[in-house]
Amino acid sequence: MSTSAGGQSKRIGVFGGAFDPPHNAHVALARAALEQYDLDVLHVIPTGHAWHKARALSAPEHRLAMARLAFGNIEGVTVDARELQRPGPTFTIDTLKALQAENPGCQLYLFIGADQFATFGQWHLCREILEIAIICIADRTESALTQTEFDVYAPYNHRFFILKLPLMPVSATQIRQMLASDAATAEEAIKLVPDAVARYISHYQLYGPG
Ligand code: ATP
């Protein structure tokens, strides 16, 4: 059995996203996850062809490079490219099972924003996900989550936890829109992403007006 110091189960976090681009709230979430859940490692996983995102994503190599720039210097984070390398649609359950197989006896923690939790019931094999992972949810709005929202997942309703994170009303959609706007607005957008990501976006002229 794979164990961390002290003989306890290895605590593995998973934080997936399009990261198109990764922004300051993503970084804050990753740091909070490592701290609050005492993780041995947090796998930050850029998603491949996510079945639920209608929009065409930026090229995988750009999203991976930006994720490495945003998260690579955080102690405990591994930027994990496995979903980008997997052909076809990517499902979280497959990634969780693979991590479990690689780390027998580990405890998995899946970190998602409240918008993702809202559609969790539609995720592929969501009850199987709940069997193998604890779900930690970061709120994205003022309307705090209530226990009732977890109860529909009974008997797995005890598998949900809250990740405490100050509200950061920022999204990649908003950043892409701002970058495609006038120069002054694009300047504001750049402040919402880590500096290295800002330089990368500017170097490759990503998200500019078409
Ligand atoms: P988009 O606007 O393109 O949908 P996004 O900003 O939601 O992007 P994703 O890469 O889709 O970013 O998100 C990855 C994960 O981070 C998701 O679980 C999402 O809910 C969470 N997340 C994104 N932004 C925030 C935020 N401001 N606060 C809390 N969680 C967030």
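Reader: Which strands does helix H4 lie across?

Author: In this predicted model, helix H4 (residues 92–102) lies across S1, S2, S6 and S7. Its direction runs at about 150° to S6.

Reader: What makes these strands part of an open sheet?

Author: There are 6 strands in the order S4-S2-S1-S6-S7-S8, with parallel pairing. Strand S4 (77–79) and strand S8 (160–163) each have a single partner strand, so one side of each has no neighbour in the sheet. Those two strands stand at the edges. On average, neighbouring strands are turned by 25° against each other, direction ignored.

Reader: How do you know that S1 and S6 pair?

Author: Two strands pair if there are at least two bridges between them. Strand S1 (residues 11–17) and strand S6 (residues 107–113) have 5 bridges, in the parallel sense.

Reader: Why is S6 called largely enclosed?

Author: A residue is buried if its relative accessible area is under 20%. In S6, 6 of the 7 residues are buried, so the strand is largely enclosed by the rest of the structure.

Reader: What makes S2 a covered strand?

Author: In S2, 6 of its 6 residues are buried. The cover extends to both faces: Val41, His43 and Ile45 are buried on one side, and Leu42, Val44 and Pro46 on the other.

Reader: Why is isoleucine 134 called buried?

Author: The cut-off for buried is under 20%. Isoleucine 134 has 12% relative accessibility, so this residue counts as buried. Its place is in strand S7. Leaving out residues up to four places away in sequence, isoleucine 134 touches Gln107, Leu108, Tyr109, Leu110, Arg159 and Phe161. The C-alpha atoms of isoleucine 134 and phenylalanine 160 are 6.1 Å apart, although 26 residues separate the two along the chain.

Reader: How do you know that H1 packs on the sheet?

Author: Helix H1 (residues 24–36) touches S1, strand S2 (41–46), S4, S6, strand S7 (133–138) and S8. Touching here stands for heavy atoms within 4.5 Å. The direction of H1 makes about 120° with that of S8. Several residues of H1 are buried, including Ala25, Val27, Leu29 and Leu34.

Reader: What span is expected for H1?

Author: At 1.5 Å a residue, 18 Å is expected for H1, which has 13 residues. From its first C-alpha to its last, H1 reaches 18 Å, close to that expected value. After H1 comes aspartate 38, with a positive phi near 45°.

Reader: What makes a group of residues a nonpolar core?

Author: The members are buried nonpolar residues joined through side-chain atoms within 4.5 Å. The largest such core here has 43 residues. Those with the most contacts inside it are Phe15, Leu39, Leu42, Phe71, Val77, Phe111 and Leu163. H1 gives the most to this core, with 7 residues. Apart from this core lies another, of 27 residues, among them Leu99, Ile112, Ala133 and Tyr153. As for leucine 39, its contacts beyond four places in sequence are Arg11, Ile12, Gly13, Ala33, Leu34, Tyr109 and Phe111.

Reader: Are cysteine 126 and cysteine 136 buried or exposed?

Author: Cysteine 126 has a relative accessible area of 10%, and cysteine 136 has 0%. Both values are under 20%, so both residues are called buried.

Key: Residues are numbered from 1 along each chain as its sequence is written. This is a predicted model: local features need pLDDT of at least 70, side-chain atom pairs count only at pLDDT 80 or more; totals for chains, interfaces and linings use all residues. Side-chain values use heavy atoms; hydrogens and water are left out. Buried means under 20% relative accessible area, exposed over 50%, partly exposed in between (1.4 Å probe, protein chains only). Helices (H or I, at least four residues) and strands (E, at least two) are DSSP runs, numbered from the N terminus. Axes are lines fitted to C-alpha atoms, for helices over the stretch in contact, and angles run from 0 to 180 degrees between N-to-C directions. The expected span of a helix is 1.5 Å times one less than its number of residues.
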